[in-house]
Amino acid sequence: MSETLSNWIDWLPQLVQGLLVSLQLTGLALLIGLPLGLLLALLSASKTTWLRRAAIVAVEIGRGAPALVVLQMVYYGLPASGLTVSAFASGAIALGLTTGAYTSEILRAGLNAVPKREVEAGFALGMTYPDIMRFVVIPQGILFAVPALMGFAILIFQATALTFTIAIPELLARAYRVGAATYLYLDVLILAGLLYLAVTIPFGWLVSYTERRMSSHLG
């Protein structure tokens, strides 16, 4: 046991560096995916038939394709198309696309949760439809969706482990690197798992707290 603890202390700095890369990937994926998800949510509710159908098809494809497949397609597909991007950028884009597809449904549900009377009140005040969406529906819809979006952020953080397949030095990739050098795969993977839990458990508590606060406020 003492030997394991000693090894963990030696490995911890490089695994923490990998954890920071995982967090950076998560942040970029959300930065790309949330605006994309909102756009898809709005287009899915569009009165223009071809826009609505195109958005629905895009969402279904994005939700149906495994994140690992999307990652490989972006990593190998962009260079084949003449676009040279780094592995890190490929990982962020791929996870961002997956985030956009899934959060579009979350945001659409949030937008639909806005009471119809709010829209009617906007029209009664002489507001145009774009202004009602901008100042009334979208802000409230995003607020309704916040707990679910926070929960999804945890899933994206966990999904960053997939990027070890394209040589991004995130947490799992660094754990495998240590395991390959020491042959102590189980020990280093346990430590990596604890680092994942150190992020996901407190954030999960925050999600639960936010849900309770919003339920009491909206109730």
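## Basis of the model

The structure is a predicted model, in which local features require pLDDT of at least 70 and side-chain atom pairs count only at pLDDT 80 or more, while totals for chains, interfaces and linings use all residues. Residues are numbered from 1 along each chain as its sequence is written, and side-chain values use heavy atoms, with hydrogens and water left out.

## Overall architecture

The protein chain contains eight helices and zero strands. Helices (H or I, at least four residues) and strands (E, at least two) are DSSP runs, numbered from the N terminus. Read from the N terminus, the order of elements is α-α-α-α-α-α-α-α. The C-alpha trace spans about 70 × 50 × 20 Å along its principal axes.

Of the contacts in the protein chain with a separation of 6 or more, 78% are accounted for by residues 24 or more positions apart. Here a contact means heavy atoms within 4.5 Å.

## Surface and charge

Of the 219 residues in the protein chain, 39% are buried. The classes rest on relative accessible area: buried means under 20%, exposed over 50%, and partly exposed in between (1.4 Å probe, protein chains only). The accessible surface of the protein chain comes to about 12200 Å², and carbon and sulfur atoms contribute 68% of that area. Accessible areas come from the Shrake-Rupley method with a 1.4 Å probe; for residues, only the protein chains shown count as cover.

The protein chain carries 12 positive and 10 negative side chains, and 12 Å separates the centres of the two sets. Lys and Arg count as positive and Asp and Glu as negative, whereas His and the chain ends are not counted. Each charge is placed at NZ of Lys, CZ of Arg, CG of Asp or CD of Glu.

## Packing of α1 against α7

Helix α1 (residues 2–44) and helix α7 (residues 171–182) have axes that come within 7 Å and cross at roughly 150°. The two helices are therefore roughly antiparallel to each other. On the α1 side, the contact is made by Trp 11, Gln 14, Leu 15, Gln 17, Gly 18, Leu 19 and Ser 22; α7 contributes Leu 171, Arg 174, Ala 175, Val 178 and Thr 182.

The axes are lines fitted to C-alpha atoms, for helices over the stretch in contact, and angles run from 0 to 180 degrees between N-to-C directions. Angles under 35 degrees count as roughly parallel, over 145 as roughly antiparallel, 65 to 115 as roughly perpendicular and the rest as oblique.

Ala 92 belongs to helix α4 (residues 87–112) and is buried, with a relative accessible area of 4%. Apart from residues up to four places away in sequence, Ala 92 touches Leu 25, Leu 28, Ala 29 and Ile 32. Ala 92 and Pro 169 are 77 residues apart in sequence, and their C-alpha atoms are 13 Å apart in space.

Thr 210 lies in helix α8 and is likewise buried, at 15% relative accessible area. Beyond its neighbours within four places in sequence, Thr 210 contacts Val 146, Pro 147 and Met 150. The C-alpha atoms of Thr 210 and Pro 147 are separated by 6.3 Å, although the two residues are 63 apart along the chain.

## Partly exposed and exposed helical positions

Leu 143 is part of helix α6 (residues 129–159) and is partly exposed, with a relative accessible area of 43%. Between the C-alpha atoms of Leu 143 and Met 214 the separation is 8.9 Å, and 71 residues divide them along the chain.

Glu 3 is found in helix α1 and is exposed, at 58% relative accessible area. Glu 3 and Tyr 102 are 99 residues apart in sequence and 44 Å apart from C-alpha to C-alpha.

## Loop residues with positive phi

Ala 167 lies in the loop between α6 and α7. This residue is not a glycine, yet its phi is positive, near 65°. Ala 167 counts as exposed, at 62% relative accessibility.

Tyr 183 occupies the loop between α7 and α8 (185–218). Its phi is positive, about 65°, although Tyr 183 is not a glycine. Tyr 183 is exposed, with a relative accessible area of 67%.
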